[in-house]
Amino acid sequence: MSDPGLLILASLADGDKHGYALMEDIEAFAGVRLGPGTLYGAITRLDERGWIRAVASSNDRRQPYTLTALGRTHLQEQLSALEKIVKTGTRRLRTV
Amino acid sequence: MKWVALQLLRLYPKAWRERYGTEFEALLQDARLRPADLVDILKEVFQMRLRDVGVFALLSGIGLASGLSFAAAIPDVWVARSTVTLDGKDGAIYNAVSKALSRRTLLEIIERNNLYAVERKNQSIESVVEQMQRSIIVGTSEAGTIPLEYRYRDKQLGSQAMHEIVQIPDPDRSPRIVYIQDEKPWLRTAMPFVGLGFGVLCWILFRKKRSAI
C-alpha cells in the first residue's frame, strides 16, 4: 500500500499537518518514506480535487493542510475497498 | 544536498511555484534529504511538465481534428459560367433565358443528367427544381449577351447542365463553358487553423484556471 494520495489522506484523518509532519507521520505509521517531490505532487492533486485544503497558519512558510468532507468520504470509500481486499485475500490464503 | 534541491525547485512550472513554492521550500529546509530525493523531485517535475505538454497536445489535437472534420464536411462547389447571345432586343433574350430556366426545362435537364440524385430521394421534385433555379444566377444583359452562372457540386455534371441551358435559346451554338471552383477552398484551408487556434486558446484558459486554484 503505497498510494501517496491515500497515505496523505490517512495521515490527515487525525488532524491538520504540514508537509514535513506528513512525511514523518507517514513513515511512522506506514513505513513508507515519501520523497518531497512525490509528497507535494500528491498534495497538489488532492488539493485540486478538493479532498484537502490549506488552513491558516501562524507560520507563513509551513502550510498545514486539513481533510475536507469530500476527502473524508473518499478516504472512507478507499479504506472500505481495501478492507474487502484484505479480508478476501486473508480468507483465500487460509483455504490454500 | 539542500542547495541542489532548492535549485531544482526552479524547474517546476511557474504557476505551481507561485502556489506551493514557499511551503515546498520549507519542507526541503526541514527534511533530512537523501540523494534519492533529488531524483524524486526531478521525476515529479518531469511528470508535471509532461502533463502540461499532454494537455496542450490533447486540446490542440482535438481542435485540429475538429477543424479538419469541418473542412472535410464542406462540400465541393463548382461554378460553371457561360453566356447566352441572341440577335435582337434585350427583352427577347430575357424571354429566351426565362424559357431555358423554366421548371419544365430544368426538370428535363435534371433527369437527363441525373443531377441532385441525393436530394431527389429525400425531397419533392418541385423543391429540387427550385434549388436548381436558386443555383443559377442570371447576369445583366450587355450588347445582346447575358452571362449565366450555375453552382453545382460536380464539375462535369454542372458544366454539362450549363451547356444544355445555354443551348436552349440557340441550339446551333457551341457555347464556351468556363468552370471554376467556388470561393469555398479558402474556408477549407482556414478551418484546421481555426480549430488548432481554438484548441490552443482552450489550453491557455485551462492553464489560467489551473494557476488560479
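The structure is a predicted model, in which local features need pLDDT of at least 70, side-chain atom pairs count only at pLDDT 80 or more, and totals for chains, interfaces and linings use all residues. Residues are numbered from 1 along each chain as its sequence is written, and chains are lettered from A in the order in which they are written.

**Confidence**
- The predictor assigns the complex an ipTM of 0.86 and a pTM of 0.55.
- The average pLDDT (the predictor's confidence in each residue, from 0 to 100) of chain B is 84, and 92% of its residues score at least 70.

**Chain B**
- Chain B holds nine helices and four strands, taken as DSSP runs (helices H or I, at least four residues; strands E, at least two) numbered from the N terminus.
- Their order from the N terminus is α-α-α-β-α-α-α-α-β-β-α-β-α.
- Of its 213 residues, 36% are buried, meaning under 20% relative accessible area (1.4 Å probe, protein chains only).
- Carbon and sulfur atoms supply 60% of the accessible surface of about 12700 Å², computed by the Shrake-Rupley method with a 1.4 Å probe.

**Contact between the chains**
- A:Pro36, A:Gly37, A:Thr38, A:Gly41 and A:Arg45 meet B:Asp37, B:Asp40, B:Ile41, B:Glu44 and B:Arg51, where contact means heavy atoms within 4.5 Å.

Conventions: Heavy atoms only, no water. Buried < 20%, exposed > 50% of the residue type's maximum accessible area, 1.4 Å probe, protein only.
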